[in-house]
Amino acid sequence: MSAVEVPTEKWTGKIHEVKLGGNGRKSVVVGGETALPFLHFEGEMPNKPLIAIEVQDSNPTDWSPHLVSVWGDVLSDLGAWAKKAVEYGADIIALRLRSAHPEEANTGADEARKNVDTVLSAVDVPVIVLGPGVAEKDNEVLVAASEAAKGQRIALGNCEEKNHRTIAASCIADGHIAIAHTPLDLNLAKQLNVLLCDVGLSTDSILMDTDTGALGYGIEYAYSVMERLRLAALGGDSMAAMPIISTVGAESWRQKESKVTEGVPPTWGDHLERSLIWEEITAVTLLNAGTDIVVLRHPKTVTLAKASIEKLLRA
């Protein structure tokens, strides 16, 4: 009986490689794929997807009790929280400057510098700094974060169309990476990449945050957008070829399946197990869609996601 030849796609494009860290800090590289995720028989996947753990600059009083109990006292000590996250397996620390939000403590540049210094001093893994998601405040605190981490190649987000010039200028001046955030739309993602390159940011200094929904809340559309971006990139579109980062934890833990404990059908099962499943399946789904960095919140999900990555790499 003759052997069956497996049909394969021949791709001409490649995902840009982006290096985070360095200058005395551990460094990692994402991107570089020449085929769809984990299809090793069609091309190369030289850099495996990575896991970031989210920490915040203020005690997250609105978090699930399951998250609060697993992290414990470190939630009120940013440096200890970052160290514990590395112990739990974080490849990258994602610091969210939540206190800078106008509806929170409305802190400014000085507090941002202090908090970035705290994390950089506590751990030696690469760092991502996420602003509060309000463009004016993002400009203020991310510029300060950029200056505090000059030369250590951190990633800064959100970088959106309305503030891309400011964030890109800081990245160019201080040697950092911009996280280009857009709504779930392939053309908007490509357009922002073009704008960033037009102002002088190189393709190896851009990550894409194409936005996402958690399991059951738009994840199918998120998957489709990521997959279409990856197909365009492998087909030779350089402006679709930036590595992707997904804030899975934030999306998963705000859904009702992760939050509601009373008045739900018994078939929903144990609350903790259900919450972990929501974060894990969202992460693994997006890893298969093409995301290169997933930002998670629960340590057990980190372990499960890492195990899934290793299995997929061996498949």
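For sorting residues by class, Ala, Val, Leu, Ile, Met, Phe, Trp, Tyr, Cys and Pro count as nonpolar, Asp, Glu, Lys and Arg as charged, and the others, Gly among them, as polar. Welcome to this predicted model, in which local features need pLDDT of at least 70 and side-chain atom pairs count only at pLDDT 80 or more, while totals for chains, interfaces and linings use all residues. Residues are numbered from 1 along each chain as its sequence is written, and side-chain values use heavy atoms, leaving out hydrogens and water.

**The cavity**

A cavity is a set of points, on a 1 Å grid over the protein atoms alone, where a 1.4 Å probe fits but cannot get out; lining residues have an atom within 4 Å of a point. How many cavities of 30 Å³ or more are there? The count comes to 1, and the largest cavity holds about 40 Å³ of space. Its lining has 6 nonpolar, 2 polar and 2 charged residues, including Phe38, His40 and Glu44.

**The sheet**

Helices (H or I, at least four residues) and strands (E, at least two) are DSSP runs, numbered from the N terminus. Two strands pair if DSSP finds at least two bridges between them. Here 8 strands make an open sheet with parallel pairing, in the order β8-β7-β6-β5-β4-β3-β10-β9. Strands β8 (206-209) and β9 (245-246) stand at the edges with a single partner strand each, so one side of each has no neighbour in the sheet.

Within the sheet, β3 (residues 50-56) and β4 (residues 92-96) are joined in the parallel sense by 5 bridges, and Val55 stands opposite Leu95 in β4.

| Helix | Strands it meets | Angle |
|---|---|---|
| α11 (residues 299-314) | β3 and β10 (293-296) | about 165 degrees with β3 |

**A hairpin**

Strands β1 (residues 18-21) and β2 run antiparallel, joined by 4 bridges. They form a hairpin with 5 residues between them, and Gly22 in the turn has a positive phi of about 115 degrees. Lys19 has Val29 in β2 as its bridge partner.

**One residue up close**

Lys83 belongs to helix α2 (residues 78-87). With a relative accessible area of 46%, Lys83 is partly exposed, a class between buried (under 20%) and exposed (over 50%), using a 1.4 Å probe and protein chains only. Beyond its neighbours within four places in sequence, Lys83 is in contact with Ala122 and Val123.

Definitions and conventions:
Contact means heavy atoms within 4.5 Å. On a 1 Å grid over the protein atoms alone, a cavity is a set of points where a 1.4 Å probe fits but cannot get out, and a pocket is an open set with protein on both sides within 12 Å along at least five of seven lines; lining residues have an atom within 4 Å of a point. Grid points are joined across faces, edges and corners, and a volume is the space filled by probe spheres set on the points. Axes are lines fitted to C-alpha atoms, for helices over the stretch in contact, and angles run from 0 to 180 degrees between N-to-C directions.
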